[in-house]
Amino acid sequence: LVIHTGDFKLDPTPIDGKVTELDKIERICRQSGGALMLLSDSTNAEEPGYTLSEKVIGEAFESVFNQARGRIVIASFASLVARIQQVIWSAEKFGRKVAISGRSMQENIEVAIKLGYLKVPEGLIVSLRDLKKYPDDRIVIISTGSQGEPSSALVRMAAGEHAQVAIKKGDTVIISASPIPGNERSITNTIDDLLRRGARVVYDKTMRVHVTGHACQDELAKMIQAVKPKYFI
């Protein structure tokens with residue numbers, strides 16, 4: 001038996017209510033006579049304690065939504081469905097329509113809705129082409145580009161090269177991600193470009209709009225204790 005964790009954390013209050021089934025992992029290991037090997041996420045192995053719950057992000061989003069008087073653009077990882085769900089909830093609460101920009105974001109949201117992982121009220125999501133039908137204070141745009149990728153939607157907005165969205169004074173841009181090592185310069189350049197166009201930019205250094213998706217020391221220890229592998233990588 002070989003167990004590969006992938007990226008994980010042990011969130012005690014996940015937004016979907018489904019906690020990590022460590023007891024199931026323990027049972028599988030017992031039934032198979034013990035795990036030969038555990039390959040584990042180690043990104044935050046130097047960080048003590050536990051990671052923060054995804055629920056704290058919802059509070060930060062609500063604070064930003066409450067203050068914003070124009071459009072809100074939120075960039076995050078397209079695969080982070082829980083974060084997208086919290087954007088959807090905030091948009092619904094504050095009476096804003098949601099548009100999606102970026103192919104990977106569009107595809108992931110469509111699949112998540114189809115499989116039931118993402119709950120979206122009917123009529124909440126609108127096309128980018130229809131944004132002009134709504135006042136700025138009734139719009140949220142979920143976008144790719146949280147890592148400053150050159151061809152991503154947010155970077156094109158920041159550079160004035162996006163076909164449907166031109167960043168302007170009064171816009172609020174939330175970057176709901178932390179820089180992957182090596183991406184710091186491209187992210188900083190994107191923030192600079194957004195600020196030059198008059199946007200307010202909110203990111204993890206200015207407000208708690210992102211928490212790590214990687215386990216810290218106590219969670220890593222719990223995983224090792226649950227698996228009790230012969231070999232650990």
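Patches are built from residues with over 30% relative accessible area and no salt bridge, joining like charges within 9 Å and nonpolar side chains (Val, Leu, Ile, Met, Phe, Trp, Tyr) within 5 Å. A salt bridge here is a side-chain nitrogen of Lys or Arg within 4 Å of a carboxyl oxygen of Asp or Glu. By the patch rule, Val2, Leu36 and Tyr231 make a nonpolar surface patch of about 280 Å².

This is a predicted model: local features need pLDDT of at least 70, side-chain atom pairs count only at pLDDT 80 or more, and totals for chains, interfaces and linings use all residues. Residues are numbered from 1 along each chain as its sequence is written, and side-chain values use heavy atoms, with hydrogens and water left out.

**Overall build**

- The protein chain holds seven helices and eight strands. Both are DSSP runs numbered from the N terminus: helices are H or I with at least four residues, strands are E with at least two.
- The C-alpha trace spans about 60 × 40 × 30 Å along its principal axes.
- The accessible surface is about 12600 Å², and carbon and sulfur atoms hold 51% of it. Areas come from the Shrake-Rupley method with a 1.4 Å probe; for residues, only the protein chains shown count as cover.
- Of the 233 residues in the protein chain, 43% are buried. Buried means under 20% relative accessible area, exposed means over 50%, and partly exposed lies in between (1.4 Å probe, protein chains only).
- Contact means heavy atoms within 4.5 Å. Among contacts between residues at least 6 apart in sequence, 85% join residues at least 24 apart.

**Surface patch**

- Tyr231, one of the patch residues, sits in strand β8 (residues 231–232).
- Tyr231 is partly exposed, at 45% relative accessible area.

**Nonpolar cores**

- A nonpolar core is a set of buried Ala, Val, Leu, Ile, Met, Phe, Trp, Tyr and Cys residues joined through side-chain atoms within 4.5 Å.
- The largest core has 26 residues, and Val140 and Ile174 touch the most other members.
- Elements giving two or more residues to this core are α2 (55–67), β3 (72–75), α3 (81–93), β4 (97–101), α4 (103–114) and β5 (139–143).
- Helix α2 gives the largest share of this core, five residues.
- Another core, of 21 residues, lies apart from it; Ala75, Ile141, Met157 and Ala199 are among its members.
- Leaving out residues up to four places away in sequence, Val140 touches Phe65, Ile72, Ile74, Val87, Ala91, Arg96, Lys97, Val98 and Ala99.

**Helix α3 and what follows**

- Helix α3 has 13 residues and reaches 18 Å from first C-alpha to last, close to the 18 Å expected at 1.5 Å a residue. The expected span is 1.5 Å times one less than the number of residues.
- Its buried residues are Arg83, Ile84, Gln85, Gln86, Val87, Ile88, Ser90 and Ala91.
- The buried residues of α3 pack against α2, β3, β4, α4 and β5.
- Lys97 belongs to strand β4 and is partly exposed at 26% relative accessible area.
- Beyond its neighbours within four places in sequence, Lys97 contacts Gly123, Leu124, Val126, Tyr134, Arg138, Ile139 and Val140.

**Salt bridges**

- The count comes to seven salt bridges.
- Arg71 pairs with Asp171, with the closest N and O atoms 2.6 Å apart. This pair links distant parts of the chain, 100 residues apart: Arg71 is in the loop between α2 and β3, Asp171 in the loop between α5 (153–158) and β6 (172–175).
- Arg71 is buried, at 8% relative accessible area. Asp171 is buried too, at 2%.
- Asp136 and Lys168 meet in a salt bridge at 2.8 Å, N to O. Asp136 lies in the loop between α4 and β5 and Lys168 in the loop between α5 and β6, so this bridge ties together parts 32 residues apart in sequence.
- Asp136 is partly exposed at 28% relative accessibility, and Lys168 is partly exposed at 35%.
- Arg196 bridges to Asp193, with the closest N and O atoms 3.0 Å apart. Both lie in helix α6 (residues 184–196), three residues apart, about one turn of the helix.
- Arg196 is exposed at 65% relative accessible area, whereas Asp193 is partly exposed at 27%.
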